[in-house]
Amino acid sequence: MNKQFDSIIDPDDVIFHWAANALPSMSEGEFQELKSNIKEHGQLEAILITSDGRAIDGRHRVKACAELGLQVKARNYEGSDESILEFVVWLNLKRRPLNDCQRTMVAARLTDLIVRRPPNTRQNSGVSLDEAASTLRVATCFVEEAAKVGSDGVEELVSAVVAGDIPRSVASEIASLPPEEQLDIMACGERAILRITRESSFQKTDAYRDALSHRKYSVPEDLPPITARYELHNRDMTQATEFIEPGTVDAIVTEPPSPRNHLALYKELAVFAAHSLVKGGRLIVLCGQAFMPEILAVMTPHIKYQWTVAYYMPGDDLPLPHKRFRSRWKPVLVFAKGTYRGDFHTDILPSEHEQKRHHEYEQSQSGCLQLVDRFSDPGQVVLDPFMGSGTAGVVAVKNHRRFIGIEIDPRAYSTAFSRLSELKERDGYGAV
């Protein structure tokens with residue numbers, strides 16, 4: 001046997017160590033060039049095998065040998081288990097020079113690999129974000145941007161950054177958008193992408209404003225008639241997972257009963273939202289100020305808190321003697337399933353003063369319209385698990401959303417059913 005190699009292995013028998021995925025795959029052109037070189041000259045550089053028989057590098061050489069019908073030459077790795085990741089990064093960077101943008105993506109990839117590696121390997125060989133940045137000689141803040149691209153970006157966006165076609169900062173802005181919008185942007189080509197994102201804030205571009213206006217105010221062609229746009233359930237919301245399919249709701253807009261006596265319902269709501277919302281879907285919860293710490297404590301273990309919006313209530317102040325304040329606003333807690341993908345908004349929401357005609361806790365339709373409009377798009381599914389008299393449903397259906405309402409009280413359910421049944425097809429966008 002050639003002294004440069006310790007063993008010969010069938011390509012199908014090669015098992016890779018998790019660290020072998022530290023760097024991104026070669027492009028198809030690079031791989032074909034490597035394959036041609038191996039076909040002409042043979043495998044000149046052996047892959048490295050750990051003491052437990054796992055390959056720490058050589059993914060592309062093994063693939064090329066497999067396609068060429070060749071055996072794989074291997075050498076034993078003589079370093080320590082704790083230094084495998086650092087060695088693999090050093091070895092690959094020596095072979096494949098990367099620009100700064102590509103280095104940040106590799107660093108972000110390393111931190112992601114640490115999360116997904118086998119549990120029994122984490123303790124002694126973990127790499128923090130700072131350590132990954134240091135290993136690749138890039139700034140930690142740049143790695144954070146790259147991690148956002150890697151976790152939220154579509155495959156086409158990630159590939160463009162890894163290839164060095166799109167700057168990391170531009171890709172980070174694009175990755176904050178819903179996947180379908182990312183794909184639309186990627187289809188524009190590199191020059192158009194850079195033009196769209198040349199302003200300091202991606203949200204300020206005319207192109208984005210036009211796209212946003214079209215998305216927010218266009219009626220989907222497949223939207224059913226208004227009489228078939230909603231479904232109502234006279235049931236307990238704690239049973240909702242029995243009849244609402246996972247990942248089928250775009251936004252939940254609701255005001256649960258007072259947490260003074262019903263704090264447990266807020267936990268149930270968070271669990272249900274994690275079950276029913278699509279990835280990036282929003283949970284919008286109106287509540288009082290007095291119990292906000294308790295509410296957040298029971299909800300945040302199950303769904304990600306994003307922000308609080310001030311829902312301004314005109315009319316008389318609400319006196320709070322025990323707090324020595326008079327309140328003119330109500331918190332609107334914004335949660336998201338995973339990464340928040342909403343549009344940019346101010347965190348103050350004015351509401352008109354309206355008489356409560358249908359229910360003692362009825363919300364104003366003007367305020368409810370703003371919540372529905374801000375946190376959902378036409379054609380999407382809006383759900384209210386504490387429907388009451390159905391104000392959220394009336395607003396959602398009138399404004400081209402699909403609606404699902406859940407209400408345990410038979411009288412309130414009957415009122416909501418009547419209000420929605422009275423809607424006519426002529427009720428158009430913006431109607432309250």
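A crossing of two helices is called left-handed if the near helix is turned anticlockwise from the far one by less than a right angle, and right-handed if clockwise. Keep that in mind, everyone, for the helix pair coming up.

What you see is a predicted model, where local features need pLDDT of at least 70, side-chain atom pairs count only at pLDDT 80 or more, and totals for chains, interfaces and linings use all residues. Residues are numbered from 1 along each chain as its sequence is written, and side-chain values use heavy atoms, without hydrogens and water.

Now the pair. Helices here are DSSP runs of H or I with at least four residues, strands are E runs of at least two, and both are numbered from the N terminus. The axes of α15 (residues 365–375) and α16 come within 9 Å and cross at roughly 55 degrees; these axes are lines fitted to C-alpha atoms over the stretch in contact, with angles from 0 to 180 degrees between N-to-C directions. The crossing is right-handed. Gln365, Cys368, Leu369 and Val372 of α15 touch Thr391, Ala392, Val394, Val395 and Ala396 of α16, where contact means heavy atoms within 4.5 Å.

Histidine 400 has a positive phi of about 70 degrees, although it is not a glycine. Is histidine 400 buried or exposed? Buried, at 13% relative accessible area; the cut-offs are under 20% for buried and over 50% for exposed, partly exposed in between, with a 1.4 Å probe and protein chains only.

Last stop: glutamine 182, in helix α10 (residues 179–186). Glutamine 182 is buried too, with a relative accessible area of 0%, and its contacts beyond four places in sequence include Asp152, Leu157 and Arg341. Thanks, all!
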